[in-house]
Every structure is written in C-alpha cells, then in structure tokens.
Amino acid sequence: VARARVHMAGNDERTYIMVKPDGVQRGLVGQIIGRFEQRGYQLKGLKLMQPTEALLRQHYNELVTKAFFPRLLEYMLSGPVCAMVWEGKGVVATGRMMLGATNPQASAPGTIRGDYCIDVGKNICHGSDSVENAEREIGLWFSADELLSWTPHSRPWLYE
Ligand code: IDP
C-alpha cells in the first residue's frame, strides 16, 4: 500500500482529460493540448472518438441520478470528443486548476473554461477529480496498448 502511494504521488501520476463535443466543434482541441504541453506534462494517449451512451453512463456513474443527467448525456453524445491521458507530478490537481471551475462563470480568466466558455452545460472539457478516478476513467476510455511509454527530452529541465 505504501509503495502504491509513493508510486501515485510521483512524477508518473496520470489524469484523464477530454475535450467535449463543443470544444471539438469550436476548434479548441489544439489550444487545450497546447496548455498541457506548455505546462510540461507528458502526452501518453490521444484519440478522437464518438462516445457511446454505455461508456458515458460508466464515466458519469456518480451523476446518473441527477436531474441534469439526460441533458448531459445528450450533450456528450452530440459529436466526437478528444480523449487524452496526461502524465506528470500533481497532474490531477493541477489539471483541474488549469480547467477551472465546473461552472465557467466561476472560472478565473487564464483557466481553460475561464477563457473559452460561458455555460456549465457547455463547458468544453473534462478532467479527473482524483487520482483514483483518473485511473478508473483511463481504464474506461483507453486500452493498455493505446497508452505509450516514451521519454520526453525535456524531463531533466522540468523536474529537480
Ligand atoms: P466536473 O466536470 O467539473 O468534474 P461534475 O460535477 O462531475 O463536474 O459534472 C460533470 C459535468 O456535468 C460538468 O462538467 C457539466 O458539463 C455537467 N454539469 C454539472 N452540473 C451541471 C448542472 O447543474 N447543469 C448542467 N450540467 C451540469
């Protein structure tokens, strides 16, 4: 258990980031990828895909009883999403900070939602909210062979 905790707290923490259908439609995929690249995080997996209702019900399993869930489902089924796995120290919490608040109107300028969107039901991106959920979501959206192991040349310039 202690070993697993050290592993998760290391530079190989992973998060699941997804550009939602509105972000793809609005041409924001590159901007969102760019922010994670510029921060220094490492891209481990990337694909454009049309999610199914079954996958979305698993992904949002904690929200299926919410009144807004049918609208959320319709929104997420409305077009392709860009699914990504990013890796690096503290990437789950930092990724959430980079995304901003769930409601874009509460998101500070400089965050992705604070810069690019207005309504909670069209908030352009998803980011895992805990290390445990990140691993669960990565397992839902990616198969093991879609996640690549590679050494970024900038690693010694990012980590002390
Ligand atoms: P998160 O995406 O910031 O983690 P969650 O509470 O997990 O927020 O909600 C998932 C998604 O469901 C949100 O990103 C948003 O698109 C949608 N959502 C959440 N709350 C509402 C709401 O009150 N009305 C409409 N959509 C909502």
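Biologist: Which residues form one aromatic cluster?

Modeller: The structure is a predicted model. In this model, the residues that form one aromatic cluster are Tyr16, Trp141 and Phe142.

Biologist: Is the pair of Tyr16 and Trp141 stacked or edge-to-face?

Modeller: Three aromatic pairs are found when the whole structure is searched. In the pair of Tyr16 and Trp141, the ring centres are 5.4 Å apart and the planes meet at 20°. Planes under 30 degrees apart count as stacked. The pair is therefore stacked.

Biologist: How many residues apart in sequence are the parts that this pair ties together?

Modeller: Tyr16 belongs to strand E1, residues 14–19, while Trp141 belongs to helix H8, residues 131–141. The pair therefore ties together parts whose separation in sequence is 125 residues.

Biologist: Are Tyr16 and Trp141 buried or exposed?

Modeller: Residues under 20% relative accessible area count as buried. The relative accessibility of Tyr16 is 0%, and the relative accessible area of Trp141 is 2%. Tyr16 is therefore buried, and Trp141 is likewise buried.

Biologist: How many residues apart are Phe36 and Trp86, which form an aromatic pair?

Modeller: The pair of Phe36 and Trp86 is stacked, at 5.6 Å centre to centre and with 25° between the planes. Phe36 lies in helix H3, residues 29–39, and Trp86 in strand E3, residues 81–87, so that the pair links distant parts of the chain. Both Phe36 and Trp86 are buried.

Biologist: Which residue has its charged end over the ring of Phe142?

Modeller: Phe142 belongs to the aromatic cluster with Tyr16 and Trp141. A charged end sits over the ring of Phe142, 4.8 Å from the ring centre, and it is that of Lys47.

Biologist: Which side chain makes a polar contact with the side chain of His59?

Modeller: His59 is located in helix H4, residues 53–59. With a relative accessibility of 3%, His59 counts as buried. At 3.0 Å, its side chain makes a polar contact with the side chain of Trp141.

Biologist: Within what arc do the buried residues of H8 fall?

Modeller: The buried residues in H8 are Val131, Asn133, Ala134, Glu137, Ile138 and Trp141. These residues line one face of the helix, because, seen down the axis of H8, they fall within an arc of 150°.

Biologist: Which residues are exposed on the other side of H8?

Modeller: Trp141 is among the buried residues of H8. The exposed residues on the other side of H8 are Glu132 and Gly139.

Biologist: What arc do the buried residues of H6 cover?

Modeller: In helix H6, residues 91–99, the buried residues are Val91, Val92, Thr94, Gly95, Met98 and Leu99. They are on the same side of H6, because around the axis they cover an arc of only 170°.

Biologist: Which residues are exposed on the face of H5 turned away from its buried side?

Modeller: In helix H5, residues 69–76, Phe69, Leu72, Leu73, Tyr75 and Met76 are buried. Their arc around the axis is only 160°, so they are on the same side of H5. The face turned away from that buried side carries the exposed residues Pro70, Arg71 and Glu74.

Biologist: What distance separates the C-alpha atoms of Ser107 and Asn123?

Modeller: Ser107 is placed in the loop between H6 and helix H7. Its relative accessibility is 9%, so Ser107 counts as buried. Ser107 and Asn123 are 16 residues apart along the chain, and the separation of their C-alpha atoms is 10 Å.

Biologist: Is Ala144 buried or exposed?

Modeller: Ala144 is located in the loop between H8 and helix H9. Ala144 and Gly45 are 99 residues apart in sequence, and their C-alpha atoms are 9.8 Å apart in space. The relative accessible area of Ala144 is 70%, so this residue is exposed.

Key:
Residues numbered from 1 in each chain as written. Predicted model: local features only at pLDDT ≥ 70, side-chain atom pairs only at ≥ 80, totals over all residues. Heavy atoms only, no water. Phe/Tyr/Trp six-rings, centres within 6.5 Å; stacked < 30°, edge-to-face > 60°. Helix = DSSP H or I, 4+ residues; strand = E, 2+ residues; numbered from the N terminus. Buried < 20%, exposed > 50% of the residue type's maximum accessible area, 1.4 Å probe, protein only. Lys NZ or Arg CZ within 6 Å of the ring centre and 35° of its normal. Arc of directions from axis to C-beta. Polar contact = N/O pair within 3.5 Å; in protein donor to acceptor, adjacent residues only side chain to side chain.
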